[in-house]
Amino acid sequence: TDRGDRAPVLVGLSLCLCQFDLKEKRNFFGQRKDYWDFLCQGLARRRQEHEGVRFVTSLDKLKTPVGRARAFLRYCLVHRQLAESLQLCLLDPQSLSEWYYARSPFLSPQRRAEILGSLYELDGVTFHLAL
């Protein structure tokens, strides 16, 4: 549940992983792109449309990319899709190197496998979180 200590920590750690050694990118209008954009782009390359992205973008109360990313991670935890969703984003090594510097654990095949293995273990945990 939301009141438990573990769910907010898991979301926070997931956000830290997504932020760590992220390159600064800008869109056509000069606005900064961040890990929310990375997640959306990675999922769009692999699927028609991810239900979690659709759900999060439908929420008018979320105004910032950080809020959208946090809501997306919570959605994925509740629906047991966090590992699969992140794995889809991490499949393209060229895209990863466009988004992340060399110190990112996502660029290390061993670290990436460890992260995804841990996240797949979370599929066995039921989360009841407010979305």
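Is Arg80 buried, exposed or partly exposed? I looked this up first. Arg80 counts as partly exposed, because its relative accessibility is 40%. The model is predicted, and I kept that in mind throughout.

**Entry: Arg80 and Val125**

I placed Arg80 in the loop between α4 and α5. Arg80 is not a glycine, yet its phi is positive, about 55°. I then checked Val125, which sits in the segment after α7. Val125 also went down as partly exposed, because its relative accessibility is 34%. I took the C-alpha to C-alpha distance from Val125 to Arg80 and got 8.1 Å. In sequence the two are 45 residues apart.

**Entry: Asp21**

Which phi value does Asp21 have? I read a phi near 60°. That is a positive value in a residue other than glycine. Asp21 belongs to the loop between α1 and β1, the latter being residues 25-26. I noted Asp21 as buried, because its relative accessible area is 14% and the cut-off for buried is under 20%.

**Entry: Gln19**

I went to Gln19 next, in helix α1. Gln19 has a relative accessible area of 41%, so I logged it as partly exposed. From Gln19 I took a distance to Arg47 and found 23 Å between the C-alpha atoms. Along the chain they are 28 residues apart.

**Entry: the whole chain**

I stepped back to count elements. The protein chain has seven helices and two strands. I read their order from the N terminus as α-β-β-α-α-α-α-α-α. For overall dimensions, I noted that the C-alpha trace spans about 40 × 35 × 25 Å along its principal axes.

How does the radius of gyration of the protein chain agree with that of a compact globule? The chain has 14 Å, and a compact globule with 131 residues would be near 14 Å, so the two agree. I also checked burial: 38% of the 131 residues count as buried. Residues 24 or more positions apart account for 69% of them.

**Entry: α2 against α5**

I turned to helix packing. Two packed helices are described by the angle between their axes and the distance between the axes. Helix α2 covers residues 35-46 and helix α5 covers residues 82-89. I got an angle of about 85°, with the axes 7 Å apart. That angle makes α2 roughly perpendicular to α5, because 65 to 115 degrees counts as roughly perpendicular.

Which residues meet here? From α2 I listed Phe38, Leu39, Gly42, Leu43 and Arg46. From α5 I listed Ser85, Leu86, Leu88 and Cys89. By class, this contact has six nonpolar, two polar and one charged residues.

**Entry: burial of α5**

I then asked how many residues of α5 are buried. Six of its eight are, so α5 is largely enclosed by the rest of the structure. I wrote down the buried ones: Leu82, Ala83, Ser85, Leu86, Leu88 and Cys89.

**Entry: α2 against α4**

The axes of α2 and α4 come within 8 Å and cross at roughly 50°. The two helices are therefore oblique to each other. On the α2 side, I found Tyr35, Trp36, Leu39 and Leu43 in the contact. On the α4 side, I found Pro65, Val66, Arg68, Ala69 and Phe72. I sorted the contact residues of α2 with α4 into eight nonpolar, no polar and one charged.

**Entry: the core**

Which residues touch the most other members of the largest nonpolar core? I found Phe38, Phe72, Leu86 and Tyr100, out of 35 residues. The elements giving two or more residues to this core are α1 (6-19), α2, α3 (51-57), α4 (65-78), α5, α6 (93-99) and α7 (109-121). The largest share comes from α4, with six residues.

I finished on Phe38. I left aside its neighbours within four places in sequence. Phe38 is then in contact with Cys89, Leu90, Leu96, Trp99 and Tyr100. Phe38 is also one of the α2 residues that meet α5.

Definitions and conventions. Residues numbered from 1 in each chain as written. Predicted model: local features only at pLDDT ≥ 70, side-chain atom pairs only at ≥ 80, totals over all residues. Heavy atoms only, no water. Axes fitted to C-alpha atoms, helices over the stretch in contact; angles between N-to-C directions. Helix = DSSP H or I, 4+ residues; strand = E, 2+ residues; numbered from the N terminus. Parallel < 35°, antiparallel > 145°, perpendicular 65-115°, else oblique. Contact = heavy atoms within 4.5 Å. Nonpolar A, V, L, I, M, F, W, Y, C, P; charged D, E, K, R; others polar. Core = buried A, V, L, I, M, F, W, Y, C linked by side-chain atoms within 4.5 Å. Buried < 20%, exposed > 50% of the residue type's maximum accessible area, 1.4 Å probe, protein only. Rg over C-alpha atoms; globule rule 2.2 N^0.38 Å.
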